[in-house]
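Visitor: Hi, I'm new to this one. Could you walk me through a few bits of it?

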Number of protein chains: 2
Amino acid sequence: VTEPLSYEAAGVDAAAAERFVEAIGPIVRSTHGDAVIAHPSHFAGLIRPDFPAMGDPLIAATCDGVGTKVLLATEPAHYEGLGRDLVAMNVNDLLPLGARPLLFLDYLAVGKLDAERLEAVVRGVAAACREAHCALLGGETAEMPDVYSGEEIEMAGFAAGLVDAARLPDPATIRPGDAVLALPSTGLHSNGFSLARKALLDRGAFHLDTTLPGLEATLGDTLRIPTAIYVDQVLALLESVGFKAAAHITGGGLLGRAAAMLPVDLGVRIDPNSYARPPIFDLIAAVGDVEPDEMAATFNMGLGFVAIVDPERTADVEGWLRVGEVIEGGGVYLGYASR
Amino acid sequence: VTEPLSYEAAGVDAAAAERFVEAIGPIVRSTHGDAVIAHPSHFAGLIRPDFPAMGDPLIAATCDGVGTKVLLATEPAHYEGLGRDLVAMNVNDLLPLGARPLLFLDYLAVGKLDAERLEAVVRGVAAACREAHCALLGGETAEMPDVYSGEEIEMAGFAAGLVDAARLPDPATIRPGDAVLALPSTGLHSNGFSLARKALLDRGAFHLDTTLPGLEATLGDTLRIPTAIYVDQVLALLESVGFKAAAHITGGGLLGRAAAMLPVDLGVRIDPNSYARPPIFDLIAAVGDVEPDEMAATFNMGLGFVAIVDPERTADVEGWLRVGEVIEGGGVYLGYASR
């Protein structure tokens, strides 16, 4: 005798999903200011943007994940960190346009709905949304047996923000001699983990709980440090002296991302001695025998966000490092690497 | 002698990613009207929404994937269909709020960047965005070796739209006797595939290329029919007679989704003989021995979108089926199933 089939017998637990949505309700609402509109229909989130303050409001939108950094997570605290990474990777991508984050949504896919782990992700997402001053307006958690195993998780995020068209940064105004300002990264952030794991865990055969000279925490904890959220610092720079172009240093690394923000006929020279490079980068390079150009085209090398500013106004800037200047001709020069 | 490590040696082909982004450029731009703003910074997409036409503009936003339907795709045409599913699942979720889709972004994650397959997805996404009158404003394609095998793909989508606060549907105005209008689904759409596969492929041991009595195409092609996009029909209903509440019939099925749009003290009775139920649903129920309530709490049962309308105004409505009415007391009654 075969039992009647059900959605639950097919591996999908709708009741657990309902309990999860119930449990995260207060966490999600902790990110909601007055702008979020309650509506009895739960098909989509609703928010009232503050347009009247803008002459010509534009919406900026982006989506991103956290790559293979998910493979390093085993404990709830690690998943909370991944939630933070997910928000950071998206809201930081709005900032080069001068856009103020407004809303965020997360998509989580798992093989089995494991409430403890998923709630940790949402806690991290919500804390990061509060720091970025954007509402966690919704999300989707998909239980997909036959696609993911019990431990696997996929995470994608989406952020939208607002910018007044009159205040869009204009890279055409960049001139040789302009100052390159930067904000330090907290470590690898969420890029280059396929290479980092290959170098350190495969070739180096290090364990994640190893302590190594120069690292302040275990190797695993060093790699897992969440991505910095630059919203306050970038919006403050925009309000004070403004910037002509900016880059969130993600895939493509410091070389690729710094090059992408420039007109083709201009380059930047960054002085590697102008800031402290976290030791994890030199460790990856040494253990993996990774060439300097490859390192700087994959990792942020210690700088998570870069902006081009009028050199005569940098005296008014607080909290940013002056790491280099704009030069004639294309290319990014980093002392030990260039492209 | 060990070779120096590189990002490519770690399984990530940055050059292939650049070629892919280049190749899909014209496809993506085919969805861009005048509202999309070109900016030399490529960190996020920019769009100018038509706010001046609205007194109190709200942004509606949602995200969703296509679940385990991805497991049925093997050919480019199937992936094109999945791209269409991804857009449909998101833009249709904006419609119950009366929101007009404005922008869409896609997140694709794969083990190996396979341009033919991914371009097919983007073609489907772009065609669906054109049909939904929204811009494909950006996207992320993540190559994640060690997470996905060569054949696997994960897809998540994100859509945002606009609605004037004064025109939000108000479920508090629903009265017993109101008409339930519906739009037919094209088949399973993108929900319930874990159960459908379990019933048909495991228990029934059918092959996807089987032809079965009652099905107009092979079993695989019947299951893969892309999700309908309801934007034009719902916005036309909104313009003509309006609606008091609406539901996109997705996870939770016809029973769950129809119940979710109603105040707790009201229900709906849907006449199962008022529309033609695609035979695939009866096939799943028979082969999987799935109870009627479980079927209707998992699948759309042939109705992809439902709206509650003033019964005296339904004479003016074109292209919608009148399938039932609002009744006193909670619950959804479907003739053969209820909740």
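Visitor: Which residue in β10(A) is the bridge partner of Ala182(A)?

Guide: That's Leu321(A). Keep in mind that this is a predicted model. The pairing belongs to β6(A), residues 179-184, and β10(A), residues 321-328, which pair in the antiparallel sense over four bridges.

Visitor: And how many bridges join β6(A) to β9(A)?

Guide: Six, and those two strands run antiparallel as well. Strand β9 of chain A covers residues 303-309. One of the pairs there is Pro184(A) with Leu303(A).

Visitor: Is β6(A) mostly covered or exposed?

Guide: Mostly covered: five of its six residues are buried.

Visitor: Are Cys129(A) and Cys134(B) buried or exposed?

Guide: Cys129(A) is buried, at a relative accessible area of 0%. Cys134(B) is buried too, with 2% relative accessibility.

Visitor: What rotation superposes chain B on chain A?

Guide: One of 180°, with 0.0 Å of shift along its axis and an RMSD of 0.0 Å. The two copies are therefore related as by a two-fold rotation axis. The same surface serves both copies, as 99% of the contact residues of chain B recur in chain A.

Notes:
Residues numbered from 1 in each chain as written. Chains lettered and ligands numbered in written order. Predicted model: local features only at pLDDT ≥ 70, side-chain atom pairs only at ≥ 80, totals over all residues. Heavy atoms only, no water. Least-squares fit on C-alpha atoms with pLDDT ≥ 70 in both. Contact = heavy atoms within 4.5 Å. Buried < 20%, exposed > 50% of the residue type's maximum accessible area, 1.4 Å probe, protein only. Pairing = 2+ DSSP bridges.
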